[in-house]
Amino acid sequence: MFMEKITASVKVLKSDLNKIKDNALLIGFFKDKLSLGAEIKKLDNKLSNIISSFIKNNNFKGEKGEAKTIYINKDIKNIVLVGLGEENRFTLDVLSNIIADVSKKLRENSTESFSIFLDTFSNNKFKYEEVIEKTTLSSLMGLYKFREYKTKENENAKQLKQITIITNSNKNFDNELKYASIVATALNKTRDLVNTPPNIATPQYIADYVKGICKNFVSKDKIFDCKIFDEKQIEKLKMGCFLGVAQGSANKPRLVVIEYYGVSKKQKPIAIVGKGVTFDSGGLNLKPYPFILNMKDDKAGAIAAVHIIEASAKLDLPVNLVVVIPLCENMPSSTSFRPDDVLTAYNGMTVEIKNTDAEGRLILADALSYAAEFKPQAIIDIATLTGASLIALGYIGTPFLSTDGKISERIKEASKKSLEKVWEFPLWPEYEENLKSDIADLKHISEEGDAGVIMGATFLKNFVNGIPWAHIDIGTTVWSKVDKGMLVKGATGATVRLMMEMLRDWKN
């Protein structure tokens, strides 16, 4: 099992620049606004005008993402001039991606620590608290690397150990540092487990991983509790859709239920349901190459949910949460479920199967029905549900759908604050016609193949028992093919930042 890790520690320090001792000092400049502020001038004078001379003679323009290093080899070994782009287009998103990219570059140059002169990375549009939080979070996200199975690389892996944010403010920023560090840990742990290969991260492995997390809290406080159901217990619960998907695999399913109570138990919880298909072959409707690659990421909704509730407990958020994650593999074998099978869901509805590669909505159907029995104030599910999300929004944004306007607004507001881009799709009743079956209560997909994101949510809506609900489809944003800004190649940790911002601000 993975050890909890953060690639670097971050601290905030009020200090005169002339007293800084570090491997590197980052100074930000907006495009074509390259004059030195008072404090930088003092530092420049101490260094025999090396900064101003470098800017004059080396064609530094302050373009977005531009980074040029001046070798000093004094108390400060290197000064890094960082371009922030046009000031009127500067956002926290721009800042975060620049900080993440520069952090990566410094690590690859074997830098073990650096300082950021914060005053030069803002233009008074944002509060210091926001800038410090985003700087901390983005640097830790950018420095993430999955090295678990790199035996040779691990021996000489480059590590950046310390980031110091230099500020003139007298304020205490401990809360911002704590929040950002805990969310970064949750996000990077999500990346770790999603990146873990499917021969390792089986349903039982993940159940044991969750058990380890829960022990840390149960031993301290009974506000955090965990139950794990094996295949026989799941059978007793009559979760026919979940068992149908799982029955083709030698690795048996597990149902994990975690509860966290941050306020009185009289307050209704928020339920989070995460899709946990540890490997999705497509079943008898086998996925062709290359679409079968990276199907270890089909557990990402479940893994995110686990770390969201863990981070909420670490932050003592004043909310009650229930997480329900069904864990299984979808494999082809003589015992696999088939197209034309009819499965009976936990809530008693019968479902006609049309394609075994639309398995996620089946395991979610039972998990959503189970979550509804906690009588939560809201249910939110996170799922790598459709490839149609790629057609809908590409790799940039995540589609979501909801039966409740208040939840929609919470998600949109959390999107702005977390910098995770989302877009709401409609749940028009006309789509329900496409899921009517001739022989069962429902078909689980539309045979026309249109509006894939919406059809998936339309099916799931039948299992939330009228409780306010939102469905977040991370089918595309779960994985990054690029190493740029806060993204690294591989699992993204999608929805961790989004959900933490929403839960942080949740008010009944």
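Predicted model: local features only at pLDDT ≥ 70, side-chain atom pairs only at ≥ 80, totals over all residues.
Figure 1. A polar contact of 2.7 Å joins the side chain of threonine 477 to that of threonine 398. Threonine 477 belongs to the loop between β18 and β19 (479–480). With a relative accessibility of 11%, threonine 477 counts as buried, because the limit for that class is under 20%. Apart from neighbours within four places in sequence, the residues in contact with threonine 477 are Tyr395, Ile396, Gly397, Thr398, Thr492 and Ala494.

Figure 2. Helix α13 comprises the 14 residues 405–418. The buried residues of the helix are Ile407, Ser408, Ile411, Ala414, Ser415 and Ser418. Viewed down the axis of α13, these buried residues fall within an arc of 130 degrees, so they line one face of the helix. The face turned away from the buried side carries the exposed residues Lys406 and Lys416.

Figure 3. At the start of α13, a side-chain oxygen of aspartate 404 comes to within 3.1 Å of the backbone nitrogen of lysine 406. Lysine 406 is also one of the exposed residues on the face of α13 turned away from its buried side. Just after the helix, leucine 419 adopts a positive phi of about 75 degrees.

**Figure 4. An open sheet of 6 strands with mixed pairing.** The strands follow the order β1-β6-β5-β2-β4-β3. Its edge strands are β1 (9–14) and β3 (67–71), each of which pairs on one side only. On average, and with direction ignored, neighbouring strands of this sheet are turned by 25 degrees against each other. Strand β1 pairs with β6 (residues 162–167) in the parallel sense over 6 bridges. Within this pairing, valine 12 has isoleucine 165 of β6 as its bridge partner. Helix α2 (residues 50–57) packs on the sheet and touches β2 (22–29), β3 and β4 (76–83); the direction of α2 makes about 135 degrees with that of β3. Helix α3 (residues 92–108) also packs on the sheet, where it touches β2, β3, β4 and β5 (113–117); the direction of α3 makes about 145 degrees with that of β4.

**Figure 5. Serine 169 in the loop between β6 and α6 (174–195).** The relative accessibility of serine 169 is 16%, and the residue therefore counts as buried. Its side chain reaches the backbone nitrogen of lysine 171 at 3.1 Å. When neighbours within four places in sequence are left aside, serine 169 is in contact with Lys14 and Tyr128.

**Figure 6. Strand β10 and its parallel partner β11.** Strand β10 spans residues 276–280 and is mostly covered, with 5 of its 5 residues buried. The strand is joined by 4 bridges to β11 (residues 320–330). Phenylalanine 279 has glutamate 329 of β11 as its bridge partner.

Note on methods:
Residues numbered from 1 in each chain as written. Heavy atoms only, no water. Helix = DSSP H or I, 4+ residues; strand = E, 2+ residues; numbered from the N terminus. Expected span 1.5 Å × (residues − 1). Buried < 20%, exposed > 50% of the residue type's maximum accessible area, 1.4 Å probe, protein only. Arc of directions from axis to C-beta. Polar contact = N/O pair within 3.5 Å; in protein donor to acceptor, adjacent residues only side chain to side chain. Pairing = 2+ DSSP bridges. Axes fitted to C-alpha atoms, helices over the stretch in contact; angles between N-to-C directions. Contact = heavy atoms within 4.5 Å.
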